[in-house]
Amino acid sequence: MSLRTRLVAGIVGLLSVLWALAAVWFFLDLRSELRDVLDARLAASARMVRGLIERDDLRLPPPTAQPAAPSAASPLPALPADLSCQLWTRQGRLITASRGAPAVAAGAIPDGYSNRTVAGESWRVYALTDAASGVRILTSERRGLRIALVRDLATAVSAPFLLVLPAMVFLVWLVVRRALGPLERLRRSIQARSPEALEAIPAGDIPPEVGPLVAAINGLFARLSDVLERERRFTGDAAHELRTPLAGIKAQLQIARAAEGPIRERALAQAETGLDRMSRLVDQMLLLSRLEDQPPSGSEPPACDPVAEARAVFQELQNAAGQRSITLTLAGEPGGGAALPPSMLHTVLRNLVENAIHHAAEGGQVTVEVERVTAGTEVRVIDDGPGIPPEELSQVTRRFYRAASADGPGTGLGLGLAIVAAIAQRYNLGLNLENRREAAGLVARLHIPGGR
């Protein structure tokens with residue numbers, strides 16, 4: 001069911017219920033008033049007859065022996081056509097009765113109002129006794145007339161509602177349609193957009209109640225735009241960065257196909273090295289893409305031991321350090337906790353240490369220091385290489401950026417520090433790169449809040 005249909009049905013239903021309740025209340029009140037008026041007329045007619053008897057203005061015939069059938073001729077005064085009157089003695093003898101009066105014995109009727117059924121017909125009767133003369137006066141009225149009046153009253157109350165209902169439905173539909181016009185225009189605007197159109201929806205004449213929905217849609221558009229931009233950047237970076245390794249591997253394979261002996265073996269070894277480099281590049285690109293796509297987790301990450309993770313990283317990179325005669329040193333007390341998933345801390349340390357091994361001096365040293373501080377845990381990765389030019393320190397965390405060194409243009413994949421920066425941003429870590437002051441080399445400081 002559409003929102004418009006729900007609103008129209010709800011408003012019309014609510015108005016109908018309110019109108020029906022008002023009509024029922026009005027009908028019950030009028031019915032009570034009508035009953036009181038008609039009862040008062042019965043009592044007034046009886047009192048009028050009693051007044052005539054008290055003043056001797058009414059000449060009464062002698063009572064009949066049989067009270068069964070009232071006579072047609074009656075000395076009673078003229079009453080409304082729907083009323084009848086009877087006069088009885090206290091002994092239950094009929095004195096006189098008006099035309100059409102019910103054949104009911106007065107002795108069985110107490111003074112006041114009562115309902116009686118005579119010959120299958122229901123009557124409303126009022127009985128009054130004249131204490132001076134001992135005459136009992138009965139005025140009566142057919143209840144069918146009252147029922148007909150109540151029925152006419154109910155018709156008069158309900159007819160206007162039934163006549164106005166179609167007009168009310170139409171007017172409510174018209175008002176709801178006009179009120180929902182901005183939503184319809186918003187729907188058409190979004191429906192007419194192309195899949196590439198992710199710009200924000202203008203506020204325009206959008207009602208305040210729809211503002212949060214439009215803001216949420218604009219937020220979704222912004223996130224989709226970021227995702228698409230990252231996908232386009234990833235595709236472009238992959239095409240750019242993989243083109244050179246693939247071309248080199250293809251060239252080495254062509255050399256291996258055409259050559260024999262040591263030349264063939266060297267070409268195959270270089271092709272294998274290129275494949276390893278390309279595999280590492282793809283792994284790092286996918287990791288960086290996942291880190292950028294995943295929003296920060298609201299839950300508290302599990303604690304890990306930076307010293308234990310550093311030892312695991314040293315074991316993994318022992319061969320790479322040995323190839324350049326680099327000494328790996330770890331300083332810190334084990335058992336400390338850092339509020340960071342172990343896999344993320346391992347990735348950060350591996351990239352920082354690997355970057356330090358790559359840039360450290362031949363036969364130099366790479367040191368990892370773990371220190372528990374008041375606000376958390378600080379991890380420092382220190383090398384004795386040439387460092388990074390000061391003007392490039394703010395650029396090296398960009399993807400595929402390779403800082404120049406004293407030996408010439410930068411080498412490597414250009415993704416290690418970008419991955420570290422992405423993890424630091426996601427988990428609210430403090431990352432600072434600075435050149436050593438007392439000696440050559442670089443210090444990478446990682447502050448992990450919440451350590452214990």
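Strand 1, residues 83-89, runs antiparallel to strand 5, and the two are joined by seven bridges; in this predicted model, one of the residue pairs that can be picked out is Thr89, whose bridge partner in strand 5 is Val135. Strand 5 also pairs with strand 4, again in the antiparallel sense, and here the count is eight bridges, with Ala127 having Leu138 in strand 5 as its bridge partner. Strand 4 and strand 5 form a hairpin with four residues between them, and Gly134, which sits in the turn, has a positive phi of about 75 degrees.

Going on from strand 4, which covers residues 121-130, we find an antiparallel pairing with strand 3 over seven bridges, and within it Asn115 stands opposite Arg124 in strand 4.

If we put these pairings together, in what order do the strands of the sheet lie? The sheet is open, it is formed by five strands in the order 2-1-5-4-3, and the pairing is antiparallel. On average, and ignoring direction, neighbouring strands here are turned by 25 degrees against each other.

What packs on this sheet? That is helix 2, residues 143-179, which touches strand 3, strand 4 and strand 5, and whose direction makes about 40 degrees with that of strand 5. As for strand 5 itself, at residues 135-142, seven of its eight residues are buried, and the strand is thus described as mostly covered.

A search of the whole structure finds three aromatic pairs, and among them is the pair of Trp19 and Phe161, whose ring centres are 5.0 Å apart and whose planes stand at 70 degrees, which is over the 60 degrees needed, so the pair is edge-to-face. Trp19 lies in helix 1, residues 3-54, and Phe161 in helix 2, so that the pair links distant parts of the chain, 142 residues apart.

Let me turn to the nonpolar cores. The largest one has 38 residues, and Val353 and Val366 are those with the most contacts inside it. At least two residues of this core come from each of helix 6 (306-316), helix 8 (342-359), strand 9 (365-373), strand 10 (376-383), helix 9 (416-426) and strand 12 (442-449), and helix 8 gives the largest share, eight residues. With neighbours within four places in sequence set aside, the contacts of Val366 include Ile326, Leu328, Val353, Ile357, Val381 and Asp383.

Asn428, which follows helix 9, has a positive phi, near 60 degrees.

For contrast, I would also point to a loop. Gly204 is placed between helix 3 (181-191) and helix 4 (211-258), and its relative accessibility of 74% makes it count as exposed. The C-alpha atoms of Gly204 and Pro182 are separated by 9.2 Å, while the two residues are 22 apart along the chain.

Finally, some totals for the whole chain. Its secondary structure comes to nine helices and 12 strands, and 37% of its 452 residues count as buried. Among contacts with a separation of 6 or more, 64% are between residues 24 or more positions apart. The accessible surface comes to about 25,800 Å², and carbon and sulfur atoms account for 58% of that surface.

Methods: Residues are numbered from 1 along each chain as its sequence is written. This is a predicted model: local features need pLDDT of at least 70, side-chain atom pairs count only at pLDDT 80 or more; totals for chains, interfaces and linings use all residues. Side-chain values use heavy atoms; hydrogens and water are left out. A nonpolar core is a set of buried Ala, Val, Leu, Ile, Met, Phe, Trp, Tyr and Cys residues joined through side-chain atoms within 4.5 Å. Buried means under 20% relative accessible area, exposed over 50%, partly exposed in between (1.4 Å probe, protein chains only). Contact means heavy atoms within 4.5 Å. Accessible areas come from the Shrake-Rupley method with a 1.4 Å probe; for residues, only the protein chains shown count as cover. Two strands pair if DSSP finds at least two bridges between them. Axes are lines fitted to C-alpha atoms, for helices over the stretch in contact, and angles run from 0 to 180 degrees between N-to-C directions. Rings of Phe, Tyr and Trp (its six-membered ring) pair if their centres lie within 6.5 Å; planes under 30 degrees apart count as stacked, over 60 as edge-to-face and the rest as tilted.
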